[in-house]
Structure formats: structure tokens, C-alpha cells
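Reader: I have not looked at this one before. Can you put it up and take me through it?

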Amino acid sequence: MLALHNTLTRRKERFEPLEPGKVRLYVCGPTVYDYFHVGNARTFTVFDMVVRWLRASGYEVKYARNITDIDDKIIERARENNETMEALTARMIDAMHEDFDRLKLLRPDIEPRATRHVQGMLDLIAHLEKKGLAYRGGNGDVYYAVRQFEGYGKLSGKSLDDLRAGERVAVEQAKRDPLDFVLWKAAKPNEPKWPSIFGDGRPGWHIECSAMCAAEFGETLDIHGGGWDLQFPHHENEIAQSEGATGKPLARYWMHAAFLNFDSEKMSKSLGNFFTAREVLNKLDPTQGGEVVRFFLLRGHYRSEISYTWDTLMDARTTLLGFYTALKDTQPVGVEVDWTRGHAAEFKAAMDDDLNTPIAFAVLHELKNEVNRTKSPVLAGLLKALGGTIGLFQDDPAAFVQGKVSASDLDVDALVLERIQAKRDRNFSRADEIRNQLDLAGIALEDKPGGLTEWRKK
Ligand code: AMP
Ligand code: ZN
């Protein structure tokens, strides 16, 4: 029996979809103005695991992850690049698919794009206006009247008065209340716009998810997901829009993935403390990289924050290589998993307990040790099958362990010299890159006084 932590009730609850056996799942996807970073990758990998575990548990899952392809940052970036918004988003969507594939993320069943759902958003805004939940500001923008929606703040546990007290933003003249948020923005010169009964303009961010959920799933989803920071205001606003329009719950379960941090802070574009998933993958061996990152992102519980460092990533790699080495040394046979017994039952109990991956991974670890001890192809088959439910251990073990890059393929001396020069030139990113490349190939470097470096095989 699967239990999930529901942000709405702040409790673990038995998971029961609206329609037995079927799950409607919607995850807020990326804003495609740039490459996504490892923090974003965490959230998307967590929901990839959710989908896989639901499917492994016998549910038929319809999985939607939207693409935000219109917003301020996209317009601004396209302008900086001197390209059209369409050209920028098309390029970023292609890159996103490439990177998601490398991370072994399942393609969602549907990937709705905001720009293709503008009419649905306008219909929803018109409906909200009729119900007295939306109004036109004098400036051509249309706002949501937060005070008219009973229950605003229920997801993030905020009362309107708390929100007011924390309000620092100067009240925009056109808003009746500073908490009101924009549904439709009046057109500005040289910005993309759509005609509407409210005048030419473009949608605000929050309305797109409400419209796309309604278009793809109807009134109520089973699971709505996203990163921790989306609880407020984004998901709160989605609830106000969708539930304000239908009077029905937007989602039965709200799931939020905790942050991936860097230097004790949330990794984010705006803080500038980020690594794109692409640059991290490019530093890793191409045969291993995607699964190393996946393993690293999943081994912490999805509701606990994790920290990204090169060392923790390398630690995940070492552990993952241990699993693949066990599967290389004992060839797995295909097995029919009996979920009621032994390691399979323990693994399932952990995953069913709000996807408790730290415990599930400990079970895999124990099973791996047993494989190493017994050399049992059936146990190896079980290990492969259990990992397979969440997208692990499916590659050819010998090829995986060997990797593409080995020390013998590298001119180690030349790289060490290049690194010394890079450091002299204060090109520390190149110097680090070389250290990482050598590290992956099993070469340890030791910097000596006087700018000399010694290397040895680990
Ligand atoms: P964005 O493209 O900024 O809309 O973000 C896409 C998704 O990544 C959202 O669900 C965010 O909540 C999530 N996200 C952003 N930063 C992080 C982070 N440091 N750790 C985990 N998830 C994040
Ligand atoms: Zn959303």
C-alpha cells in the first residue's frame, strides 16, 4: 500500500487515485530560456522516479510535464540574443530533451506548451471574471482577487494576514490588493501578444498550469508536483484559479521535492550559484554520467535537502560502480519478482513509505553484498530488477564499469602540464576540469610546493 506525503495536509496519506488503477499526474516543468541546472534536474528526476514507481506498482499513469515557453525572462533573453522568442525556445527545448535523455528521464506522455494553450487561459480568466474572482486593473492588466477566494494560503500554510505583513512590494496602483496576482498582462511594445476580450496581451505565469491541467485532465488531478519553492505563490495561485473556477479540488495529493543546495544555499539561476546539468554531464564519462547524476539525485530522500559538490557526486559514482561491478561479476538472469518476500518486500515497503529511497538503497546495498558473496545469478537478477523499477542498473555492466575514458587513453603528462599552465594563467575552471578528467580516469594529483604536480594511479 503506497503512502505519500501530501503538502496540503502535511501528513503521509494512503494513496488512492480518483479512478482505481489510474493516475493523473502533472508536474510543473521548466521555463525554457536557458539550460536547466542540477537543482532543476533534481525535481524532474524525483518525479521521474514517482512515475516509474507508480507504474511498477501496477498503475496506469498519464504523466504531463509542461513547458513554460512565454515569460519575462524568455522575452528578455531573446532580445539580448537578438533572436525571436520562438527560435530561443525551440533551441532550448531541443537541448532540454537531449539533457533529459542523458539523465534517463522518461518522456512525459504529454508536454503541453503554454503558447499553445492561450485560448484556454483566456476562457478560464473570463470565467473567473464572471464569478467575481478576476477584475480588470485600469492599466489593461487583469488580476485575480485573492480575497474573494476562501482558502487562499491553504497549501503553503499562510494566512492572508501573514502574507500582508510580509508584503514589501509597493502596491501597484492597478491592484485592489497587493496580494492580487496578474492573470493577463496588457501588451507592451515589441513583446509577443495575443488578441483577447481584455485587449491585446499575454498570459501571466500561474494561469498556464490551471488551463493546461484542465485541458489535459479535467477538474481534478491525482498528483500535482514541483519543486519546494513552487508551493507559494505558484501552486497557491493555481489552486485559487482552478478551484475558484470549478469548486473542485485541483489535486488530491501535492508533492514537492526539496532543494538541491550549493554552498548551503538553494542552487538557483538568480543567485548565480548553479551548474547546468549539461556541464556536469560533460565532466563525467559519457557511458556513466547520466546514471551517476540520477543515482546521486535519488539516494537522498526527496523531501530532504541535498548538497551538490564534486566529491559527493564522485562518491555516488563509486557506489554506483560497486553495483555495476557486482552485476558484471555475476551475470544476472531474468527473474519474476516476488514482492511478498525478502529483499523485494523490504525494497517495496521502503518505496511505498513515501518513496523512502535512503532505506530502499540500503536494501539494494545489502542485496549487492549478497550477490558478491553468493555469486547467485538469481539474486543478481533481482538486484537488476529492483533497481530497474526506478531506472537504475539497466546498462551493460562490463561496458559501464569500463567507461569510455581510461588512463591509458589519456596523455597524463600533457594534461598535468596543461593544468599547471592553466593555474598560472588563473584559468581555474580549466584546471579543475583537468583534475576532474584525471580523477575519473583513476589518476590522483598531488600539488607540491613551487607549482609542481605529481600524479599517481589510484
Ligand atoms: P524553473 O525552470 O525555474 O521554473 O524550475 C523548474 C523546476 O525546478 C521547479 O519545479 C523548481 O521548483 C525546481 N527547482 C529550482 N531550483 C531547484 C533546486 N535548487 N533544487 C530543486 N528543485 C529546484
Ligand atoms: Zn505550474
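Author: What follows goes through the two ligands and then one pair of residues.
Author: This is a predicted model, where local features need pLDDT of at least 70 and side-chain atom pairs count only at pLDDT 80 or more, while totals for chains, interfaces and linings use all residues. Residues are numbered from 1 along each chain as its sequence is written, chains are lettered from A and ligands numbered from 1 in the order in which they are written, and side-chain values use heavy atoms, with hydrogens and water left out.

Reader: How many residues surround ligand 1, and which are the closest?

Author: There are 16, and the closest are Thr 43, Gly 227, Asp 229, Leu 260 and Met 267. A residue is counted if one of its heavy atoms lies within 4 Å of the ligand.

Reader: What kinds of residue are in that shell, by class?

Author: Seven are nonpolar, seven polar and two charged. Ala, Val, Leu, Ile, Met, Phe, Trp, Tyr, Cys and Pro count as nonpolar, Asp, Glu, Lys and Arg as charged, and the others, Gly among them, as polar.

Reader: Which element gives the largest share?

Author: H1 does, with four residues. Helix H1 (38–56) and strand E9 (221–227) each supply at least two. Helices (H or I, at least four residues) and strands (E, at least two) are DSSP runs, numbered from the N terminus.

Reader: What does Asp 229 do with its polar side-chain atom?

Author: That atom lies 2.4 Å from an oxygen atom of ligand 1. A backbone N or O atom of Gly 227 is 2.9 Å from an oxygen atom of the ligand. Both are polar contacts, meaning pairs of N or O atoms within 3.5 Å.

Reader: OK, the zinc ion. Which residues coordinate it?

Author: Cys 28 (SG), Cys 209 (SG), His 234 (NE2) and Glu 238 (OE) coordinate the zinc ion (ligand 2), at 2.0 to 2.3 Å. Donors are N, O and S atoms within 2.8 Å of the metal (3.2 Å for Na, K and Ca), and water is not among the atoms, so sites may look incomplete.

Reader: Where do Cys 28 and His 234 sit in the chain?

Author: Cys 28 is in the loop between strand E3 (22–27) and H1, and His 234 is in helix H7 (residues 231–246), 206 residues apart.

Reader: Is His 234 buried or exposed?

Author: Buried, with a relative accessible area of 1%. Cys 28 is buried as well, at 6%. Buried means under 20% relative accessible area, exposed over 50%, partly exposed in between (1.4 Å probe, protein chains only).

Reader: And Glu 98, where is that found?

Author: In helix H3 (residues 85–102). Glu 98 is partly exposed, at 46% relative accessibility.

How values were computed. A polar contact is a pair of N or O atoms within 3.5 Å; within protein, one must be able to donate a hydrogen and the other to accept it, and residues adjacent in sequence count only if both atoms are side-chain atoms.
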